[in-house]
Amino acid sequence: MMIIMQPGATQAQIDHVIEHVEGRHLSPHAIVGVEQTIIGAVGESHSVPTSVFETLPGVLSVTRISQPYKLASRQFHPENSVFPLDGFTIGGLEIPIIAGPCSVESRTQIIETAQAVREAGANALRGGVFKPRTSPYAFQGMGEEGLEYMAEARALTGLPIVAEIMAVSQVPVMVKYVDVLQIGARNMQNFNLLRAVGDTRTPVLLKRGMSATVEDLLMAAEYILAGGNERVMLCERGIRTFETATRNTTDINAVPVLKSLTHLPVVLDPSHSTGHFNFVAAVAKAAVAAGADGLIVEVHPDPAHAMSDGIQSLTPENFAKMVRQVKAVAEAVDRRLVTPLPLGEGQG
Ligand code: PEP
Ligand code: MN
């Protein structure tokens, strides 16, 4: 439930309410606004009558959050969550673009790609080092060696790095290197992993499972938020439908639907959602037009020889073209792309 404090409620009154929340074995999550403080009381709250809190000094009103997800809901947190990601913010007016290869394949490949995407306007670098592959015989990623190359690429370009975490045991090594932990579609409901990243304070990009509903995605985000990690971005990456013309079906509806249900930033991945480089720019533009707060796009210097997802990877030239078009769409919907670092800065 949500305990809305009166405007001007004192800190002592707020602390008193928090004590009562804890006394009922609920966990308090306070949102301190300029005008008003709201205290979320999360847990098994259905058996606790609202009057327990309504009668406390400084309390204006108490309402129950109707959705099963609480901390993720817009009802609990009416303003968009805006948070910093090393040099820029996500969730506000400005739209960042994350780009890079599906997998880190070598030191040269990731550094070359980082420089190319930065030049084309990317704000962060992606690259998988622990790869969830359908076949156990397919390339599984470079592991920690790949993270070292990613870190080197970050030092050279100034781009923060995003990489997928596949297991709880990878938390220590991943938080040592990456700026954003990606949870892949296949792990969206790996609840142990969600709890483990919820215990870190590293931002998380949570991808929608291929057969997950919007509510499943928000419940997965709730696990991370409940651990106290508030920096969660949701990612629509296409869902499985009867359609076979594309690898997945981009659920473009999910963008405005999520924006209405949650305060968390919404990112779209047009690479996995289409599965073909020819369709990536069109869907990237649609995503920004629909209200997405960010994009994550696969780019490879030589897609024909990529070790994974080559067919859906853009060349740096095609990526640069996509960025120019997306920029125009962003401006048409009263947003703008994050200004890339001036070339030369953050390098060397
Ligand atoms: C990826 O980003 O390379 C990836 C494996 O994505 P997803 O989890 O969306 O399939
Ligand atoms: Mn991929």
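This is a predicted model: local features need pLDDT of at least 70, side-chain atom pairs count only at pLDDT 80 or more; totals for chains, interfaces and linings use all residues.
Domain bounds here come from an automatic or database domain assignment.

View 1. Residues are numbered from 1 along each chain as its sequence is written, chains are lettered from A and ligands numbered from 1 in the order in which they are written, and side-chain values use heavy atoms, with hydrogens and water left out.

**View 2. The largest pocket, between the domains.** Domain 1 and domain 2 both give residues to the lining, so the pocket lies between them. A pocket is an open set of points on a 1 Å grid over the protein atoms alone, with protein on both sides within 12 Å along at least five of seven lines; lining residues have an atom within 4 Å of a point. The largest one holds about 320 Å³ of space. Its lining has 14 residues, and I31, H77, S81, E230 and H263 lie nearest the centre. By class, you get seven nonpolar, five polar and two charged residues.

**View 3. Ligand 1 and its shell.** There are 13 residues around ligand 1, and R126, A185, R186, K207 and R237 come nearest; being around it takes a heavy atom within 4 Å. Look for the polar contacts (pairs of N or O atoms within 3.5 Å). The side chain of R237 puts an N or O atom 2.6 Å from a ligand oxygen, that of R126 has one at 2.8 Å, and Q182 has a polar side-chain atom at 2.9 Å. On its own, ligand 1 exposes 300 Å², and the protein buries 97% of that (Shrake-Rupley method, 1.4 Å probe). The shell divides into three nonpolar, three polar and seven charged residues.

**View 4. The largest cavity.** A cavity is a set of grid points where a 1.4 Å probe fits but cannot get out. The structure has one of 30 Å³ or more, and about 30 Å³ of space lies in the largest. Its lining is L85, F88, I98, A124, P160, V162, D179 and V180. That makes seven nonpolar, no polar and one charged.

Note on methods. Grid points are joined across faces, edges and corners, and a volume is the space filled by probe spheres set on the points. Ala, Val, Leu, Ile, Met, Phe, Trp, Tyr, Cys and Pro count as nonpolar, Asp, Glu, Lys and Arg as charged, and the others, Gly among them, as polar. A polar contact is a pair of N or O atoms within 3.5 Å; within protein, one must be able to donate a hydrogen and the other to accept it, and residues adjacent in sequence count only if both atoms are side-chain atoms.
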